[in-house]
Amino acid sequence: MLHLRLITPADRTDAVVRLIESTVGTTHLVVLPGAARNPAGDVVMCDVAREAGDELIGALRGLDLDKTGSIAVENIDLSLSERADKAEDEAPGEGADAVLWEHLTDATHEESTLSITYLAFITLATMIAACGVVLDNAILIVGAMAVGPEFGPLAAFSTAIVRRRPRLALRSLIALLVGFAVAMVVTVGFSHFMDWVNLFSAEQLDAERPNTNFIYRPDWFSFVVAVLAGCAGTLSLTSAKSGALVGVAISVTTVPAAANAAVAFSFNEYKQAWGSTEQLLLNMLGIILAGTLTLLAQKWLWRKQA
């Protein structure tokens, strides 16, 4: 169940209440006349089944409530109510299959913001991965994958394609390009420093590295894994099962590929750098393609089911 807290202008409260009452899957309607102060108006609260939430939120935005008032949505972890159970039974479809498009757009918009924190995480992840590729340490590679925040902009780009939001697509693309560019430039400097203190060497980079040589040797398996990870990550975002995102993060070779390219470039190993760059681009393409197709499939299946 979802809990909606609305601030409505007094002259639109009746229309909002009628809309809520006519939407299948709603219950626990509360109206507090004149309770809101900023902006001034009435406070309307209700609970709605997740599978009916997107329809109701879209209709409320159709009343311009997001411009003249406020729409706040919260997840209800526990609701002990027969009326809530009845509302969930009456709503079409299953809650786990429902996509809250406004929530997805807002969440991916936030994740694709080019901020100092985002740059710090992707840079630190790339530097950790640089240590992993030089030492041929798979544990460090997995840790760097988990730290990397790049799935947010990738998911946002897929969302922007499906929702036809060019500004979100541009914002995501900038976050990806600038983020990886900054991370790789810093990692090149980090590699030179580690070489200066005799912790990195060209011999280590040129070794066979059985645990990490796949990073600069892209193949069709890399693309297949990226597609599968993109599907799983998108489903995790749309179904609010964020625990799966950790598994997605350690399934794709974006951050390690960027790290290997940076280290290889610092040692003038341009063949490895190019192979790693191909791996990076192949993984990003697979994730975006899979995310877009998954969202389109969810959109079509939900409409058919509803």
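Which residue of β4 stands opposite Arg 5? Look across the strands: Ala 72 does. Keep in mind that this is a predicted model.

Now the strands around that pair. β1 covers residues 2–8. Six bridges join β1 to β4, residues 70–75, and the two run antiparallel. β1 also has seven bridges to β3, residues 40–48, again antiparallel. There, His 3 stands opposite Asp 47. Five of the seven residues of β1 are buried, so the strand is largely enclosed by the rest of the structure.

On to the helices. Take α7, residues 138–147. Its buried residues include Ile 141, Ala 144 and Met 145. Seen down the helix axis, the buried residues of α7 fall within an arc of 100°, so they line one face. Here is the general rule: an α-helix has 3.6 residues a turn, so residues three or four places apart point the same way. What caps the N-terminal end of α7? Asn 137 does, with a side-chain oxygen 2.9 Å from the backbone nitrogen of Ile 139.

Next, the nonpolar cores. The largest one has 45 residues. Phe 180, Phe 200 and Val 263 touch the most other members. Several helices supply at least two residues each, among them α6, α7 and α9. The largest share, 10 residues, comes from α6.

Zoom in on Phe 200. Beyond its neighbours within four places in sequence, its contacts include Ala 130, Phe 190, Met 194 and Phe 267.

Finally, there is a second, separate core of 19 residues. Leu 6, Leu 19, Val 44 and Cys 46 are among its members.

Key. Residues are numbered from 1 along each chain as its sequence is written. This is a predicted model: local features need pLDDT of at least 70, side-chain atom pairs count only at pLDDT 80 or more; totals for chains, interfaces and linings use all residues. Side-chain values use heavy atoms; hydrogens and water are left out. Buried means under 20% relative accessible area, exposed over 50%, partly exposed in between (1.4 Å probe, protein chains only). Helices (H or I, at least four residues) and strands (E, at least two) are DSSP runs, numbered from the N terminus. The arc is that of the directions from the helix axis to the C-beta atoms. A polar contact is a pair of N or O atoms within 3.5 Å; within protein, one must be able to donate a hydrogen and the other to accept it, and residues adjacent in sequence count only if both atoms are side-chain atoms. A nonpolar core is a set of buried Ala, Val, Leu, Ile, Met, Phe, Trp, Tyr and Cys residues joined through side-chain atoms within 4.5 Å. Contact means heavy atoms within 4.5 Å. Two strands pair if DSSP finds at least two bridges between them.
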